[in-house]
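Colleague: Before I use this model, I would like to go through the terms applied to it. Please give the value behind each one.

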Amino acid sequence: MDPLSALITLTNFVLIPAFAYGSQLALGALGITLIYSILRFSHFAHGDIMAFGTMVVIYTTWALQSAGITGGGVLPTALMAIPVGIAAMVVYLLVVDRLVYRYFRQVKAKPLIFVMASLGVMFVTNGLTRLFIGTSERRFEDGQRFIFSVREFREWSGLAEGLALRSAQAITILAALLVMLALFWFLTRTKSGKSMRAYSDNEDLALLSGINPERVVVITWVIVAALVVTAGTLYGLDKGFRPINYFQLLLPMFAAAIVGGLGSPIGAIVGGYVVAFSEMGITYAWRRFFSHMLPEGMAPDGMMQLLPVDYKFAVTFAILVIVLIFRPTGIFRGKSI
Amino acid sequence: MADPYLIGEDMTGGYGGADILHDCTISVERGEIAVIVGPNGAGKSTAMKAVFGMLQLREGRVRLDGADISHLSPQARVRAGMGFVPQTGNIFPSMTVEENLEMGAFIRDDDISETREQVFDLFPILRDKRRQAAGELSGGQRQQVAVGRALMTKPKVLMLDEPTAGVSPIVMDELFDRIIEVARTGIPILMVEQNARQALEIADKGFVMVQGRNRYTDTGKALLADPDVRKSFLGG
């Protein structure tokens, strides 16, 4: 029996990857929840907007690299490209809002119509991304790959089991934390942030109080652009960039937002981690963990894997269904859908 | 005779479709409380909304301090000095009491702490609960938040749409006391009330409306003493 080895295995294969993945989902879900509470519709273009923004970051990264400007071999160059990606996406989202959503706001269209419109935006954005950068996988990660590798950890600790922390994972977790803190500071401490919450709470009274809804909408898109580009870049650094993967992120991101409670920022974050840890936990082969945890001779024969990794979206779907049946408002009592 | 501070004069109109108000006049004088009472569906709230610009008037006009404001949007009327507390949905439930007051003062760019202190002095319970989400408060406390929010713009006239709807009789008495206190600070108050008797007791002026028309208009005391009004609207 060797609980320490078991814990290290678990940390290496489940906890760290899930924590990083959960952070990426949380940032995405925050955007979804903000759009839902301010513009009052489910933003189906979220995954493809994320892909498009990440594409801008990749092009900028390549340009920086060829100009000889890099992260000095330590940090990924892409981090410097994020502001450019955010700026581009602010413009893109505001133009889309002007061309598409504003009209539906003016005619006070039903939420379902907004959803369909965002579906259209999704297809167009997806097409643009594929037109520019193609559908194949792109890696744009550079700089130091590991904070510490499996071998370094073994040598340092003298243990049999290895533990690695990739730079992309550490950066993801740290960056996500900073972005979340900044967002919460904005929402609870600034007048603009409070006016967003007020508008989300009670649209009519916000109008009556002199809050300009169009301004609130613009601020929302700017924040969404920042969240989406950051999340997309972190995901790409961690797992590589393929547009189809970003489209598929839509399901876990929505699941995260709904599980946490649509409209609740805290809920989006918690939901992100719930979805990530469930996906990882259920598709992980627990055999090694249990062979360490159980007494000699009781080690399991099978893989102890509940579902193959290919079925990770089934996990997300199951969580979504369970939440919608038993607690439709989510963990933090968001708006019921 | 001097013009009333706020007057909706000969108002006719509705929410599109048939007219709800017919030649209806509502007004409030400086330093007074005016109350609109009447049976259900008489158009009391509609009359108040008309004064606030929330429905299109076909005829008639609204004047504030002598100036015609008939063409102004509700938001512009807030800037012009009118405070309005809707009957429902009058707070930001997920925000704290303090944030509710802050949002009330959204159009102000100057220091609002003094006004906030005045509101807290008027409604001491709000000072105790300033960090609590307004949606978690009791019905009476919520109404205080709602009135407090409207006071944050330092309005020159305050309009309340059934401030005591859905609260217990004890809380209702307390709310009326608070409203009198607000009036004593010099802000004229125009309000719609279901509880006609209590409302007329504190009113300087009462408007009894029936089917979108003025039926009786007099001082609160006179209306309470009028046998016709008593029989028809106050239950004898």
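Modeller: One definition to begin with: the domain bounds come from an automatic or database domain assignment. On that basis chain B has domain 1 (1–81 + 156–236) and domain 2 (91–154). Note that this is a predicted model.

Colleague: How far apart do the C-alpha centres of domain 1 of chain B and domain 2 of chain B lie?

Modeller: Those centres are separated by 24 Å.

Colleague: How do you know that domain 1 of chain B is in contact with domain 2 of chain B?

Modeller: Contact requires C-beta atoms, placed from the backbone, within 7 Å. Under that cut-off, 13 residues of domain 1 of chain B touch 10 residues of domain 2 of chain B. On the domain 1 side, two or more residues each come from α2 (74–79), β7 (157–161) and α7 (169–184) of chain B. The largest share, 6 residues, is that of α7(B). By class, this side of domain 1 of chain B has 8 nonpolar, 1 polar and 4 charged residues.

Colleague: Why is α11(A) called roughly parallel to α14(A)?

Modeller: Helix α11 (residues 250–260) of chain A packs against helix α14 (residues 312–326) of chain A at an angle of about 25 degrees, and their axes are 10 Å apart. Angles under 35 degrees count as roughly parallel, so α11(A) is roughly parallel to α14(A).

Colleague: Which residues meet where α11(A) packs on α14(A)?

Modeller: From α11(A) come Leu251(A), Pro252(A), Ala255(A), Ile258(A) and Val259(A); they meet Phe313(A), Thr316(A), Ile319(A), Leu320(A) and Val323(A) of α14(A). The class count for this contact is 9 nonpolar, 1 polar and no charged residues. The crossing of α11(A) past α14(A) is left-handed.

Colleague: What makes β2 and β5 of chain B edge strands?

Modeller: The open sheet has 4 strands in the order β2-β1-β4-β5 (chain B), with antiparallel pairing. β2 (21–28) and β5 (67–68) of chain B each pair on one side only, and they are the edge strands.

Colleague: How do you know that β1 and β4 of chain B pair?

Modeller: Pairing needs at least two bridges. Strand β1 (residues 6–13) of chain B is joined to strand β4 (residues 57–64) of chain B by 6 bridges, so the two count as paired, and they run antiparallel. Glu9(B) stands opposite Arg61(B) in β4(B). Helix α1 (residues 44–52) of chain B packs on this sheet, where it touches β1, β2 and β4 of chain B.

How values were computed: Residues are numbered from 1 along each chain as its sequence is written. Chains are lettered from A and ligands numbered from 1 in the order in which they are written. This is a predicted model: local features need pLDDT of at least 70, side-chain atom pairs count only at pLDDT 80 or more; totals for chains, interfaces and linings use all residues. Two residues are in contact if their C-beta atoms, placed from the backbone, lie within 7 Å. Ala, Val, Leu, Ile, Met, Phe, Trp, Tyr, Cys and Pro count as nonpolar, Asp, Glu, Lys and Arg as charged, and the others, Gly among them, as polar. Axes are lines fitted to C-alpha atoms, for helices over the stretch in contact, and angles run from 0 to 180 degrees between N-to-C directions. Angles under 35 degrees count as roughly parallel, over 145 as roughly antiparallel, 65 to 115 as roughly perpendicular and the rest as oblique. A crossing is left-handed if the near helix is turned anticlockwise from the far one by less than a right angle, and right-handed if clockwise.
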